[in-house]
Amino acid sequence: MVCVPRDSTALSVGADAVAAAIAAEAVRRGLPVEIKRTSSRGLFWLEPLVEVPTAAGAVGYGPVEPEEVPGLFEAGFLQGGRHSRSLGPVAQIPFLARQERLIFGRAGVTDPQSLAEYQAHGGLAGLRRALSMAPAAVVDEVHASGLRGRGGAAFPTGIKWRTVAGAQAPCKYVAVNADEGDSGTYSDRMVMEGDPFLLLEGMAIAAYATGASHGYIYVRSEYPHAVAALEAALATLRAAGWYGARVQGSDFSFDAEVRVGAGAYICGEETAMIESIEGKRGMIRYKPPLPALKGLFGMPTVVNNVVSLASVPAILDRGAQFYADYGMGRSRGTLPIQLAGNVKRAGLVEKAFGVTLRELIEDFGGGTRSGRPVRAVQVGGPLGAYFDASLLDLPLDYEALAQHKGMAGHGGIVVFDDTVDMAEQARYAMAFCAIESCGKCTPCRVGSTRGRELIERIVRGERPRENHAQLLKLCDVMENASLCALGGMAPWPVLSALKYFPEDFGLPSERQPAHVV
Amino acid sequence: MWSELRALREDVDYGTPPRDGEAVTLTVDGVPVTVAAGSSVMLAAAAAGRPVVKLCATDMLEAFGSCRVCLVEIEGRRGFPASCTTPVEPGMAVRTDTPRLAELRAGVMELYLSDFPAEDVLGGWSELHEVIATTGVSSHRYGPGENHLAAPVDDSNPYFLFDPAKCIVCSRCVRACEEVQGTFALTIQGRGFESKVVASQGEPFLDSECVSCGACVQACPTQSLVEKSLFEGGYRSADPAQA
């Protein structure tokens, strides 16, 4: 058997062509070869990564070009033979061996649409255990695990569930936020494409724990493979009695449907997502009322990120303490970190909280792809702060990053070398906000455009002192007067770029704003 | 002219609709006030005689929370919540007038004025102009930038016109069309800085589903939607060169 991933990343670098070449070459040689399409290990610099199971475990070859396929056959790759693309036993590749995969344990191993393989690799054990418990006990278990929302806000998942569970209403919903729009992030997509049953299992557990009867998965339109994978997996689970009326003969009934977004970053904000699911323009709702009490269609709604829910089955299966033993401080468990940008080995690193940026970028990432020194790192998506190289020993921990006015966010890390123009990055932060603002509140709607204009003027050397002062005032207004986190956090990359890289703006470094900590 | 028009209304605009609920007592700038549970801090402030400036709020419409000038400070709470969208709680101590609030409000007003016809800032007669007078912010320091001053006036309707140059995208017209008239003819189109009020699918008002009820005109706080009869000799639109 030969395993070829069908994850979007692998497809984008020719995985289908490689699979076709293997099939054709097998026919030419009259060899019976079974090709299994798996998910991706998340070792993207090696994609298409072809694996062959052997007695000593799976051995890998990658990145494989279709024209290299006859050579692989010549080298006897079907029996694990040596080839210039040989990677040896995949599990021993250091990038993978040093990870702690509680969520992505099946990544690259199973056929994403095989329920039998999912169960053979521990799937549905969490839901089975949950269904044997009282709903309140399930909530307690998740609360005790210390799991916090992985979409970016890091709100304790157990508290959110408890709020929904305690609400009295004719019906309740689970809404999965799969509008993964942060630049350089892909962990939600990898879950949905590569292990859709895991998300659906977590979602069913959330529904059981909170008393929800219907779920929605809001997937961004840029993820067509994820949409197809979820639809197919839902049908499989329904047919197997895990979704729909009276799950496994119990009194618990739950079903879900996929909703596709229309290309708006703001619909990753929970209230805008709710508006969008309701069929309206994706605009921010003010809070309170919290969605947990008055959310989708005015009903109590659990809104969780994909990775949050994908973390839940392991918590139920192996216990809250097992999960809480990973991590540091108030950041418990693991986070799938997504390395991107100018990095030699881009890919997914699932690791317990506490791993440092330096370990991630140097040990896992192998430094910059260009070979030049790391100058800046953006953590937590387009609204995350930029850090300079002096902060690389910061641990990935919600509180430690917050102390430096940064955030773990959804776990995206984008690396820049010393050729980066940080004034341009700051300008882009404001331009991004201007394009993606829902247009409701004025600090974000107008302020982002004014911010872009001010940065352009500073860079052109037009009254830099006055425009810099005005930019700081604007950032204060956006941070403190915006309706939601888009306007409220768009200043973070700008202020951090000004703080650590004033020379890129043509500003002297002693003119650092005192209030930027 | 605005003060004359305003004086025609005897009642106070409490900013958000009244509620029926148990009595809740709180203080606004030290003034004790009792309002129904479910009321907004904005309504309580108005009832206490300490009204908060507002643009997107009016008591004929549900709270919206977009204009960000009605921010207040609440003892024991972080940040600067919008008074229109914050429900009252017993014993709450609200402050409506601090140097920090003045600073943030001024910052928001500057943003409004950075996309508003400069020649209409002074001597105008709308709720926006009342807020300009109250906050004392009548100019901005952003210099010339992207704006909507050259957007064409829609005078297709025989009774009122729509001048997008004076629109602050508060959605009061959109909400009035929905909540007061139930016609749903207006919406916001585009996003970010491109967000704008349109009738139906971006059609002239007269060709749209608009029924000329006038609810949007009554709701508009900037005279962006305004009765034509107020302009003897015709309406003069903004000069984009004045941005």
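Select domain 1 and domain 2 of chain A together, and look at the area buried between them, which is about 610 Å², with carbon and sulfur atoms giving 51% of it; buried area here is the accessible area (1.4 Å probe) that two parts lose on being put together, summed over both. This is a predicted model, in which local features need pLDDT of at least 70 and side-chain atom pairs count only at pLDDT 80 or more, while totals for chains, interfaces and linings use all residues. Residues are numbered from 1 along each chain as its sequence is written, chains are lettered from A and ligands numbered from 1 in the order in which they are written, and side-chain values use heavy atoms, with hydrogens and water left out.

In contact, meaning heavy atoms within 4.5 Å, are 11 residues from domain 1 of chain A and 7 residues from domain 2 of chain A.

Next, pick out A:Asp7, A:Ser8 and A:Phe44, which supply 52% of the area that domain 1 of chain A buries against domain 2 of chain A, more than any other three residues. Between domain 1 and domain 2 of chain A, the count is 2 salt bridges.

Now show chain B, whose C-alpha trace spans about 50 × 40 × 35 Å along its principal axes. Its secondary structure comes to 6 helices and 8 strands, these being DSSP runs (helices H or I, at least four residues; strands E, at least two) numbered from the N terminus.

Then turn to where chain B meets chain A, a contact that takes 35 residues from chain B and 34 residues from chain A, and that buries about 2,800 Å², 51% of it on carbon and sulfur atoms. Selecting B:Leu111, B:Tyr142 and B:Arg191 brings up 24% of the area that chain B buries against chain A, more than any other three residues supply.

Finally, select A:Asp476 and B:Arg100, whose side chains meet in a salt bridge at 2.6 Å, N to O. Colouring α3 (99-113) and β6 (186-189) of chain B shows two elements that each supply at least two residues of the side touching chain A, and the largest share of that side, 8 residues, comes from α3(B).

Key:
Salt bridge = Lys/Arg side-chain N within 4 Å of Asp/Glu carboxyl O.
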